[in-house]
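Hi,

Here is the model I promised to pass along.

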Amino acid sequence: MLPEAVETVTAAVTAALSAAGNASSLHTAGRSARRVVEESRERLAAAVGARPSEVVFTGSGTESDNLAVKGIWWSRHDADPRRTRILASAVEHHAVLDAAQWLADHEGASVEWLEVDDQGRVHPDVLREAVERDPSDVALVSVMWANNEVGTVQPVRRLADVCREFDVPFHSDAVQAVGQLPVDVAASGVDALTLTGHKLGGPLGVGALVLGRDVACTPLLHGGGQERDLRSGTLDTPAVAGLAVAASLAVERQPELHARLSGLRDELVRRVQELVPGAVLNGVPVPSADRLPGNAHFSFPDCEGDSLLLLLDARDVEVSTGSACSAGVARPSHVLLAMGADEDRARSSLRFSLGHTSTAADVDALVEALPAVVERARRAVLR
Amino acid sequence: MRLLAALSGGVDSAVAAALAVEAGHDVTAVHLALSSAPATLRTGSRGCCSKEDARDAGRVADVLGVPYYVWDLAERFRSDVVDDFVAEYAAGRTPNPCLRCNEKIKFTAVLDRARALGFDAVVTGHHARLADGVLRRSVDAGKDQSYVLAVLTPEQLAGTVLPLGELTKAQVREQAAARGLGVADKPDSHDVCFIADGDTAGFLRQRLGAQPGPVVDALTGTVVGRHDGAYAFTVGQRRGLALTAPAPDGRPRYVLGLEPVTSTVTVGPREALEVIEVRADRARELAPLAFPLTCAVQLQAHGRAHPCTVVADGDGWRIGLAAPVTRPAAGQAAVLYAGDRVLASATTRG
């Protein structure tokens, strides 16, 4: 967490504990809690180019994605039962993928996974072609702002233009983007945007859905109707405050962070490609503005990501191999498979993420450890 | 030493890993995902593949403060253990999948990978004693697992650490409780881990299909019943034969033999099962042996050791028993012991 977010959360927790304020209560303590929530709403809205009334606080990015995908689908389908189609990119986070698939399995939706190119990008023409097949039956479109695994930034503005042309709501999961890239909801043309606290230096367990005022959306959680009658449940006031402070700072510092991280990342990529024979950078080649600044994602042919992870972990380098099932078994990344990689290549892949605490020394440590680690991992492949 | 502890999610492997940590070794834990559908939360019969076991294994690693990973060996397990299990039954033999898993998965795939990654050895929670390359029975005779480890080569044993051999199962549970390990009172696993409901015949029927055939009385040569698949039977089995004609002498009949090509099951009286010689192939010696050899042989996982004299025969042995024994099913391990020390193993011909 950003130190400023820690301070905000700590102060708000102390205040909340001494006053036991519930932001939806009418008494004094409740009013002060509500004031924290409303100020946070304004602050967050200002940070991402939205109106305060468009900010719906939730418990997580996952909840925001589910609310957007299911809620908008239900409303659109209720208004016109022909609208059953969901168009979503094949590289979405599971919070979107699985929500859409659930609608297909249980509610009669049909899902079309929008094809991506070998860098993970959805071309606006691909979206246009899919919508044009029958604009009247599209319930919503969901394409993430930037991919969490390979870092590819989507042409959000141009995708939103296509949706606007056919009057179809457009949701974008921007969990990875806020604080890393310039994100302006109004200028982007998106109708719904997901963000979450811990990805931008704020607390865990809080997220938001920025939802255009005219976008109809059916609630997932029913009850007190605290958030615009769209999301019920008592808000975690300190977490909301921490999210807003972190978001506004992250956005303010975004240009500087982008410059610093992309410089470190480009250096990392260059040295890895030089020192590790056969290493393949997945996603958009660097330098480029179309890649998350702290993201480097490689395949190391003839290695297993699991082995690389274990060996790097032992050298205090934290990396990620992608998602695992509930029993902890690593799965070949659906993102890489959608980009045309085969299973072996997907299993040989590793993501290196640089964040606001990363330094040139971290890059040095990684680059020094990597060649021997890759060599050793190659020997550990089961024959 | 740098040790890789295989955590199944059960109490034995948990205590084995804990003892390795306390002995000052640098321990890393792995849980082996062996089921191709690990997303099953199993109750009752627990095996090595459920979500609950993966979580328990992860919790043990948390408590011990060691790194923890899940290794996906489902594909290897399917081809080397499950397919082999089915093929052995189809050929009229009775395999021991735990032994096969030790031989092919835990002490080959896992050990090879561990060594390549820079580990010196693999730690497991098997109940057996191992020191200086000598494998012995556990002090807990009821829990001894030296029989299913006897297939390992000296090279594999050199990369194996078995911390539990001097402990009884009750002591292992006490040690787990003393360390605050949540698996201290987790029930023992039973049966075959990849057959959750314990219905081996049903599992085989699904894979091999119905192969109906006659049940023939060995003495009279007459057909005394029908069956849906010879693979559902094991030599020595008495129950579940569903015979239509009683034996002439009115005594119970046992499975004497399985003939997969004609799908024939032969049955007969108990005495017909008794043998004084057993032949076994593909012998593996833990140390060089001189024949003829006077020792004891164990012919099934939970059987006792019988005094015998062994002579070499091709790549295996002829085992002469001091007293008649019930003929083992083909495909079981014959393990030779000198006292509590494991000498060698081979596969029974039946």
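Before going on, some housekeeping. This is a predicted model, in which local features need pLDDT of at least 70 and side-chain atom pairs count only at pLDDT 80 or more, while totals for chains, interfaces and linings use all residues. Residues are numbered from 1 along each chain as its sequence is written, and chains are lettered from A and ligands numbered from 1 in the order in which they are written.

Chain A

Both of those strands belong to an open, seven-stranded sheet with mixed pairing, in the order β1-β7-β6-β5-β4-β2-β3 (chain A). At its edges are β1 (55-58) and β3 (110-114) of chain A, each pairing on one side only. Neighbouring strands in this sheet are turned against each other by 20 degrees on average, direction ignored. Helix α5 (residues 124-132) of chain A lies across β2 (85-89), β3 and β4 (138-142) of chain A, at about 155 degrees to β3(A). Such angles run from 0 to 180 degrees between N-to-C directions, with axes fitted as lines to C-alpha atoms, for helices over the stretch in contact. Contact here means that the C-beta atoms of two residues, placed from the backbone, lie within 7 Å.

Overall, chain A has twelve helices and ten strands. Its radius of gyration is 21 Å, close to the 21 Å that the globule rule gives for 383 residues, so chain A is as compact as a globular protein of that length. (The radius is taken over C-alpha atoms, and the rule is 2.2 Å times the number of residues to the power 0.38.) Buried residues account for 52% of the 383 in chain A, buried meaning that 20 or more other C-beta atoms, placed from the backbone, lie within 10 Å of the residue's own.

Where they touch, 19 residues of domain 1 of chain A meet 21 residues of domain 2 of chain A.

Where A meets B

The contact between the chains takes 15 residues from chain A and 18 from chain B. On the chain A side, α9 (305-314) and α12 (360-379) each supply at least two residues, and α9(A) gives the largest share, five residues.

Chain B

Here the sheet is open and parallel, with five strands in the order β3-β2-β1-β4-β7 (chain B). Its edge strands are β3 (68-72) and β7 (160-161) of chain B, each pairing on one side only. Strand β2 (residues 26-33) of chain B pairs with β3(B) in the parallel sense over five bridges, and B:A29 stands opposite B:Y68 in β3(B). Helix α2 (residues 51-64) of chain B lies across β2 and β3 of chain B, running at about 175 degrees to β2(B).

Cheers

Technical notes. Pairing = 2+ DSSP bridges. Helix = DSSP H or I, 4+ residues; strand = E, 2+ residues; numbered from the N terminus. Buried ≥ 20, exposed ≤ 12 C-beta atoms within 10 Å, placed from the backbone.
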